[in-house]
Amino acid sequence: MCPECFTTAAMIFAGATSTGSLGALVVKKLGLKGLTHDAAIPDERTQNQAQENSMPEVLTSARIVDHKIVSPKQWLEHRKQLLANEKELTRMRDEINRQRLELPWERVDKQYTFESTKGKETLADLFAGRSQLIVYHFMLGPGWKEGCVGCSFLADHIGGALVHLENHDVSLVVVSRAPLAEIEAYKKRMGWNFKWVSSYESDFNYDYHVSFTPEQAAEGKVYYNYDERDFVSEELAGASAFYKAESGEIFHTYSNYARGGEMFLGTYNFLDIAPKGRNETGPRFDMGDWLRHHDRYGAGGYVDATGRYHEGKSECCHGEQSH
């Protein structure tokens with residue numbers, strides 16, 4: 001997951017005040033209240049970006065002490081009210097999925113080459129005989145000792161899905177800009193079995209706006225998640241989908257970034273029905289409060305605002321150095 005998913009403070013429901021947005025529809029239709037925050041926001045663009053990448057505090061904090069206790073009859077009444085809202089949200093998700101399938105496509109005319117354990121492979125090769133390809137843009141840059149904690153969290157969810165995707169005409173490949181030897185070393189450490197290729201000698205990451213040049217970093221602004229944003233890391237995360245026609249033509253059909261990757265995090269779906277929810281209680285009220293590489297739980301350390309793990313103890317979350 002990208003640094004924007006490791007947002008500093010929980011403010012309001014994603015995009016809830018954006019006119020015409022899904023968030024506004026959710027708030028309006030479900031009657032959600034109390035999701036605002038009093039923090040000063042410098043301008044409308046900053047506010048919109050913060051909103052779309054932050055979680056409401058009600059989803060990140062434990063609400064256990066002095067929780068309301070009711071009779072079975074009252075509990076059932078409350079549960080049915082929530083069920084009606086859950087059904088509405090499901091219908092809204094179905095509608096968004098329908099709209100996603102109706103997005104126009106763009107033809108991929110540029111030739112991309114990747115380094116894999118099989119040697120050089122093109123984008124067409126990554127389809128592996130299937131007509132659909134999903135690429136996960138994993139934050140692992142050249143020289144990094146290990147991948148982003150959030151991206152690694154997402155990668156832990158891929159293994160079980162692979163057999164089902166591949167038997168449903170979908171190939172899934174992870175792409176990073178780190179050289180293949182560095183990718184293979186980290187992949188072996190984590191015990192993953194999905195295909196992971198290097199775009200180190202390709203423009204692929206730059207063209208899909210998940211890697212940024214030193215010149216872009218120096219300017220302090222980058223184009224990410226369909227808007228100009230402050231530079232926080234030379235590598236960010238996302239997912240892109242492609243279709244290959246029988247003629248061999250390849251089309252880019254969809255990409256998402258930032259909190260868009262949450263749809264792949266099954267662990268969060270389990271946590272969301274647990275009594276404490278996501279239980280992200282500080283210092284940043286995000287996954288960095290608790291999430292670690294799966295072989296690092298119990299090892300201490302901390303995760304900085306860019307999703308990078310560090311040994312030792314952070315003096316202050318705001319003082320952490322971004323990569």
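The model is a predicted one.

**The second largest pocket**

The second largest pocket holds about 920 Å³ of space. Its lining counts 27 residues. Nearest the centre of this pocket lie Ile-134, Val-170, Ala-241, Tyr-254 and Phe-264. Strand β9 provides the largest share, with 5 residues. By class, the lining has 19 nonpolar residues, 7 polar ones and 1 charged one.

Tyr-254 also meets a charge. The charged end of Arg-100 sits over the Tyr-254 ring, 5.0 Å from the ring centre. Elsewhere, Arg-308 lies over the face of Trp-144, 3.7 Å from the ring centre.

**Aromatic pairs**

The model has 21 aromatic pairs. A pair of aromatic rings is described by how far apart the centres are and by the angle of the planes.

| Pair | Centre to centre | Angle between planes |
|---|---|---|
| Trp-105 and Tyr-243 | 5.1 Å | 40 degrees |
| Phe-204 and Phe-242 | 6.3 Å | 40 degrees |

Trp-105 lies in the loop between α4 and β1 (106-107), while Tyr-243 lies in strand β9, so this pair ties together parts that are 138 residues apart in sequence. Trp-105 is partly exposed, at 46% relative accessibility. Tyr-243 is partly exposed too, with a relative accessible area of 29%.

The pair of Phe-204 and Phe-242 also links distant parts of the chain. Phe-204 belongs to helix α9 (residues 204-207) and Phe-242 to strand β9, 38 residues apart.

**Glu-262**

Glu-262 is placed in the loop between β10 and α11 (266-271). Glu-262 is buried because its relative accessible area, 17%, is under 20%. Which side chains make polar contacts with that of Glu-262? One is Arg-259, whose side chain is joined to that of Glu-262 by a polar contact of 3.0 Å. Another is Arg-278, joined to Glu-262 through a side-chain polar contact of 3.3 Å.

Note on methods: Residues are numbered from 1 along each chain as its sequence is written. This is a predicted model: local features need pLDDT of at least 70, side-chain atom pairs count only at pLDDT 80 or more; totals for chains, interfaces and linings use all residues. Side-chain values use heavy atoms; hydrogens and water are left out. On a 1 Å grid over the protein atoms alone, a cavity is a set of points where a 1.4 Å probe fits but cannot get out, and a pocket is an open set with protein on both sides within 12 Å along at least five of seven lines; lining residues have an atom within 4 Å of a point. Grid points are joined across faces, edges and corners, and a volume is the space filled by probe spheres set on the points. Helices (H or I, at least four residues) and strands (E, at least two) are DSSP runs, numbered from the N terminus. Ala, Val, Leu, Ile, Met, Phe, Trp, Tyr, Cys and Pro count as nonpolar, Asp, Glu, Lys and Arg as charged, and the others, Gly among them, as polar. Buried means under 20% relative accessible area, exposed over 50%, partly exposed in between (1.4 Å probe, protein chains only). A polar contact is a pair of N or O atoms within 3.5 Å; within protein, one must be able to donate a hydrogen and the other to accept it, and residues adjacent in sequence count only if both atoms are side-chain atoms. Rings of Phe, Tyr and Trp (its six-membered ring) pair if their centres lie within 6.5 Å; planes under 30 degrees apart count as stacked, over 60 as edge-to-face and the rest as tilted. A charge sits over a ring if NZ of Lys or CZ of Arg is within 6 Å of the ring centre and within 35 degrees of the ring normal.
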